[in-house]
Amino acid sequence: MEVLFTGPAEEQLKKIYCHYPENVAEDLVEKILLRAETLAHFADRGRIVEELRFMDQGHRFVLQGNYKIIYRQLNGKIYVTDVFAMNQNPESIIKRHEE
């Protein structure tokens, strides 16, 4: 399966560069991208995102460091919809997915 990042997920990756020195951010983003690519072969391994269960769209997540990589499967593709720092308020996951 192909793994694609949505616009909002890409924006979250860009924000990592605002919070860390460039070399740290590059390493962190690379690890997130590599972890996301593994979903192409094991998409069902992620846990359900409880905060988004009400949407009934099958959002799941895998962890990479202190980040949740939130994704869903649709039409034979994996869409990464968010990269969520776990030190954020979990309610903001809902707000970001309602937009």
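This is a predicted model: local features need pLDDT of at least 70, side-chain atom pairs count only at pLDDT 80 or more; totals for chains, interfaces and linings use all residues.
Strands β1 (residues 2-5) and β5 (residues 77-85) pair in the parallel sense over four bridges. Two strands count as paired if DSSP finds at least two bridges between them. Residues are numbered from 1 along each chain as its sequence is written, and side-chain values use heavy atoms, with hydrogens and water left out.

**Overall fold**

- The protein has three helices and five strands. Helices (H or I, at least four residues) and strands (E, at least two) are DSSP runs, numbered from the N terminus.
- Along the sequence, the elements follow the pattern β-α-α-β-β-β-β-α.
- The radius of gyration is 13 Å, close to the 13 Å that the globule rule gives for 99 residues, so the protein is as compact as a globular protein of that length. The radius is taken over C-alpha atoms, and the globule rule is 2.2 Å times the number of residues to the power 0.38.
- The C-alpha atoms fill a box of roughly 35 × 30 × 20 Å, taken along the principal axes.

**Surface, contacts and charge**

- Of the 99 residues, 38% count as buried. Buried means under 20% relative accessible area, exposed means over 50%, and partly exposed lies in between (1.4 Å probe, protein chains only).
- The protein exposes about 6100 Å², and carbon and sulfur atoms supply 50% of that area. Accessible areas come from the Shrake-Rupley method with a 1.4 Å probe; for residues, only the protein chains shown count as cover.
- Among contacts with a separation of 6 or more, 44% come from residues 24 or more positions apart. Contact means heavy atoms within 4.5 Å.
- The protein has 13 positive and 16 negative charges, and their mean positions are 4 Å apart. Lys and Arg count as positive, Asp and Glu as negative; His and the chain ends are not counted. The place of a charge is NZ of Lys, CZ of Arg, CG of Asp or CD of Glu.

**The sheet**

- Five strands form an open sheet in the order β1-β5-β4-β3-β2, with mixed pairing.
- β1 and β2 (47-48) stand at the edges, each with a single partner strand, so one side of each has no neighbour in the sheet.
- β1 has two faces: V3 and F5 are on the covered one, E2 and L4 on the uncovered one.
- Strand β3 (residues 60-64) pairs with β4 in the antiparallel sense over five bridges. Q64 has Y67 as its bridge partner in β4.
- T81 lies in β5. T81 counts as buried, at 14% relative accessibility.
- Leaving out residues up to four places away in sequence, T81 touches T6, P8, A9, H59, I70, Y71, R72 and H97.

**The helices**

- Q12 lies in helix α1 (residues 7-19). Its relative accessibility is 11%, so Q12 counts as buried.
- Q12 touches D82, V83 and R96, not counting residues up to four places away in sequence.
- E22 is found in helix α2 (residues 22-37). With 56% relative accessibility, E22 counts as exposed.
- E22 and E37 are 15 residues apart in sequence, and their C-alpha atoms are 22 Å apart in space.
- In helix α3 (residues 91-98), the buried residues are S92, I93, I94 and H97. These buried residues pack against β4 (67-74) and β5.
- An α-helix has 3.6 residues a turn, so residues three or four places apart point the same way.

**Two loop residues with positive phi**

- D56 is found in the loop between β2 and β3. Its phi is near 55°, a positive value in a residue other than glycine.
- D56 is exposed, with a relative accessible area of 70%.
- N75 is found in the loop between β4 and β5. Its phi is near 50°, again positive in a residue other than glycine.
- N75 is exposed, with a relative accessible area of 71%.
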